[in-house]
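I opened the notebook to look up cores and ring pairs. My entries follow below.

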Amino acid sequence: MTRLQRQQPSENVNALAELGLFSAGIMHEIKNALQGIANALFLLGGEQSLSPRVRQEVEIARRELSRALDVSAQTLALAREENPVAMSIVEVLEEVLSRYSAKTAYKHFTIDRQYEFSGSIQGLPGAIRQVFSNIVLNALESGPLENGKLVIHTFARRSSNNGKTPGVQIDFADNGPGIPDQYKKKVFQPLFSTKKGKGSGLGLWVARRLVLKQHGQISLVSRSEGLNSGTCFSVFLPLTQN
């Protein structure tokens, strides 16, 4: 083995660390720019001369900008997180659901909470929050305009890998159109999206990587035909990080 080959792993790690810091710096600047736009939209929304149509468009822009700010804040939080801490799964879920309360109300979406497990685990709150956000947002965007439903079920179980690791499973079951069979194996791949040009194709790929970082598992079951169509994403997280 040459000297260059021996040094390559550490050099790759350093390069990844530098890339992470560089990305965090860019996201910080983007967040500052978005905040300036948000302030301008706030002032614009206060203008009495706006027509109802323009006022509606401004409000839509403010909501979408708020979502972008949430994503940038989550990304910066991920860059800072290093060590797992005690966190409540239910509290993280409720925080995520509160962020999308306006979209939930607009689409007349029902959230059915079935929290059998309400305890704490050791994990990275920012990472888990982003995982849940991606799944909830997918359900909201793919669900019907009326009578959409998302059932969130938390319960204790052991890892399906070895049957020994205690943890919590969080199921997100919606009544959307489901995922066709030919796409099921692709949903966790980067740049793959079924949203017809609206999605980046990175959300579920990132979610899977974050779950694996927590030593967890993520899977899905989906049906796209018949009256009982829908998708269920299952996330397993261990109680402690080894």
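**Entry 1: phenylalanine 132**

I listed the contacts of phenylalanine 132, leaving aside neighbours within four places in sequence: Ile89, Val92, Leu93, Val96, Ile170, Phe172 and Leu237. Contact means heavy atoms within 4.5 Å. I note that this is a predicted model, where local features need pLDDT of at least 70, side-chain atom pairs count only at pLDDT 80 or more, and totals for chains, interfaces and linings use all residues. Residues are numbered from 1 along each chain as its sequence is written, and side-chain values use heavy atoms, with hydrogens and water left out.

**Entry 2: cores**

I looked up the largest nonpolar core and found 38 residues. Ile89, Phe132, Ile170, Phe172 and Leu237 have the most contacts inside it. Such a core is a set of buried Ala, Val, Leu, Ile, Met, Phe, Trp, Tyr and Cys residues joined through side-chain atoms within 4.5 Å. Buried means under 20% relative accessible area, exposed over 50%, partly exposed in between (1.4 Å probe, protein chains only).

I then checked which elements supply at least two residues each: helices H3 (89-99), H5 (125-142) and H7 (203-213), with strands S4 (149-158), S5 (166-174), S6 (217-223) and S7 (230-238). H5 gives the most, with nine residues. Helices (H or I, at least four residues) and strands (E, at least two) are DSSP runs, numbered from the N terminus. Another core lies apart from this one and has six residues, among them Ala38, Leu41, Val58 and Leu65.

**Entry 3: ring pairs**

How many aromatic pairs does the count come to? I get two. Rings of Phe, Tyr and Trp (its six-membered ring) pair if their centres lie within 6.5 Å; planes under 30 degrees apart are stacked, over 60 edge-to-face, the rest tilted.

The pair of phenylalanine 132 and phenylalanine 172 is tilted, because the centres are 5.5 Å apart and the planes stand at 50 degrees. It links helix H5 to strand S5, across 40 residues. Both phenylalanine 132 and phenylalanine 172 are buried.

Phenylalanine 188 and phenylalanine 233 form an edge-to-face pair, 6.2 Å centre to centre with 80 degrees between the planes. Phenylalanine 188 sits in the loop between helix H6 (181-184) and H7, phenylalanine 233 in strand S7, 45 residues apart. Phenylalanine 188 counts as buried because its relative accessibility is 16%. Phenylalanine 233 is at 6%, so I log it as buried too.

**Entry 4: whole chain**

I count seven helices and seven strands in the protein chain. Buried residues make up 38% of its 242 residues. Among contacts between residues at least 6 apart in sequence, 73% join residues at least 24 apart.
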